[in-house]
Amino acid sequence: METAQPTEKPQKGEKLYEGKAKIVYATGDPSLVIQYFKDDASAFNAKKKGTIDQKGVMNNFIASRIFEFLTEHGIKTHYVEKLSDREMLIKKVAIIPVEVVVRNRVAGSLAKRMGMPEGTDLKRSILEFYYKDDALDDPMINSDHIRAFSLATDKEIEQIREQAMKINSLLYEMFKKTGVELIDFKLEFGRAGGGLLLADEISPDTCRLWDSKTGEKLDKDRFRFDLGKVEESYREIVKRMGGQ
């Protein structure tokens with residue numbers, strides 16, 4: 001499936017959806033939508049809310065760079081192009097209501113569940129599934145749940161597993177070159193044109209990113225746990241990825 005290449009900037013139409021961090025707008029092409037990145041921040045399924053100055057601009061830059069990198073390495077995504085500081089053009093997809101989390105070290109909820117300190121090494125990366133439903137606090141599920149509730153087909157489950165682990169390998173090495181360790185991250189996939197596409201965003205909102213030398217957290221955990229220097233940590237990721 002080739003990426004659509006618009007000849008001119010699409011006109012923003014009606015608002016189709018507004019989430020915690022993004023707004024999606026229609027365009028004149030029913031297969032394409034505009035994804036707008038907000039400065040709003042939330043944690044613990046919106047139980048904590050706030051604002052991170054210029055977060056939308058920074059996450060749009062980071063996510064665009066990551067989608068472009070992944071596309072170059074054979075990952076099919078919903079990304080088409082970056083339109084402005086806060087907007088990207090994407091393919092309209094039907095999101096599969098399953099969040100995919102890949103873990104390279106013990107952190108966050110895994111540390112709590114296993115009673116282990118954050119940063120503990122893992123012998124192998126772990127892939128987890130969560131049912132995408134804020135009202136239920138996104139409960140963890142497994143592939144049997146996905147099959148039983150027809151959330152995805154067997155073929156899609158295998159594709160998601162394969163793609164998630166490939167994305168992990170690619171992003172781990174990409175971040176490693178910038179002096180950042182990819183601790184864990186969340187992915188979402190959607191259906192479009194009969195195929196499966198990586199969707200949503202990949203940014204410090206959806207990843208745990210630690211400085212490789214110091215272990216300093218450079219992601220939304222700084223907001224979650226009131227660690228301070230939230231904007232500075234996002235700006236540091238932008239800087240290490242070649243932005244201003």
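Biologist: Which residues touch the most other members of the largest nonpolar core?

Modeller: This is a predicted model, in which local features need pLDDT of at least 70 and side-chain atom pairs count only at pLDDT 80 or more, while totals for chains, interfaces and linings use all residues. Residues are numbered from 1 along each chain as its sequence is written, and side-chain values use heavy atoms, leaving out hydrogens and water. A nonpolar core is a set of Ala, Val, Leu, Ile, Met, Phe, Trp, Tyr and Cys residues that are buried and joined through side-chain atoms within 4.5 Å. Of the 53 residues in the largest one, those that touch the most other members are Leu 70 and Leu 171.

Biologist: How many residues does the second, separate core have?

Modeller: Leu 70 is in contact (heavy atoms within 4.5 Å) with residues including Ile 75, Leu 171 and Ile 202, leaving aside neighbours within four places in sequence. The second core is separate and includes Ile 23, Leu 32, Ile 34 and Leu 83, and its number of residues is 7.

Biologist: Is Arg 103 buried or exposed?

Modeller: Arg 103 is placed in strand 9, residues 98-105, where strands are DSSP runs (E, at least two residues) numbered from the N terminus. Buried means under 20% relative accessible area, exposed over 50% and partly exposed in between, with a 1.4 Å probe and protein chains only. Because the relative accessible area of Arg 103 is 4%, this residue counts as buried.

Biologist: Which residue, at 40% relative accessibility, counts as partly exposed?

Modeller: The residue lies in the loop between helix 5 (221-224) and helix 6 (230-240), helices being DSSP runs of H or I with at least four residues. At 40%, the partly exposed residue is Leu 227.
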